[in-house]
Amino acid sequence: MGLFSDFFLARRLRKGPTLLLSYVPDAAAVLNTVRLHAPEVGPYGDDLKVSDNVWLRGPITLTPELAARAGIPAGWQIAYVAANIDNEEGGEYDRPMAVAAGLAERLNGRVHPREPEPPADLADVAGGRLVPVAELVELLAGELPGLTATTTVAGITRLAGGRSPIEILVEEDDGEVTYEIYVEDGVQGFDLAETARRAALAIAERSGGIARDHNGFLIRAER
């Protein structure tokens, strides 16, 4: 790698969002994980085009010199950089941080130079049928005890209460139903994201919808 290319690569790694891994991953495993976010992922030169405006560069071997220039601490072997193809940011999931953070969660990595803030929106389910509120409360009683419908306004029902810090908004608009699973701003907890994934998966199985996490990655049942 030439001096100038090394300089520009280090600057890109330092800017991020950069996925760091402490091991050399299987290329097929990385591709299959990206497909949980974007089934249409395809080649982009030697890298991957995740969406119309996001690409993923890598794998990049982190030599000690390159890591030092990029401000990456020791112990990380491989990096991937997510970036916009042009300067316009996409929608909620069509952005580099969503890709890098989602891969980090699934591949036991971390995001450099900083991890994203804990999300308020944990998961959502779309594309399925409307599950009656009473049935929904019963379905989620194990994961979210004490949940009840607190308000219904303009086709939106809010479920909250009990011992559950997690709340659900059920929105019906022109026959399309969306279940949004979230916490109030500032609420944090070690297992909130995992609890939300299990709740989203249960709703998806009952409603026939598709469950995604806060980074837009498909949520699938553990085998």
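Student: Does Y44 count as buried, exposed or partly exposed, and at what relative accessibility?

Tutor: The model is predicted: local features need pLDDT of at least 70, side-chain atom pairs pLDDT 80 or more, while totals for chains, interfaces and linings use all residues. Residues are numbered from 1 along each chain as its sequence is written, and side-chain values use heavy atoms, without hydrogens and water. Buried means under 20% relative accessible area, exposed over 50%, partly exposed in between (1.4 Å probe, protein chains only). Y44 counts as partly exposed, at 33%.

Student: How many aromatic pairs does the structure hold?

Tutor: Rings of Phe, Tyr and Trp (its six-membered ring) pair if their centres lie within 6.5 Å; planes under 30 degrees apart are stacked, over 60 edge-to-face, the rest tilted. By that rule the structure holds two.

Student: What kind of aromatic pair do F7 and F8 form?

Tutor: Their centres are 5.4 Å apart.

Student: Which strands hold Y44 and W55?

Tutor: Y44 and W55 form a tilted pair, 5.6 Å centre to centre with 50 degrees between the planes. Strands are DSSP runs (E, at least two residues), numbered from the N terminus. The pair ties together parts eleven residues apart in sequence, because Y44 lies in β2 (residues 42-44) and W55 in β4 (residues 54-61).

Student: Which residue is the bridge partner of L20 in β6?

Tutor: Two strands pair if DSSP finds at least two bridges between them. Three bridges join β1 to β6 (residues 110-112), and the two run antiparallel. In β6, the partner of L20 is R110.

Key. Helix = DSSP H or I, 4+ residues; strand = E, 2+ residues; numbered from the N terminus.
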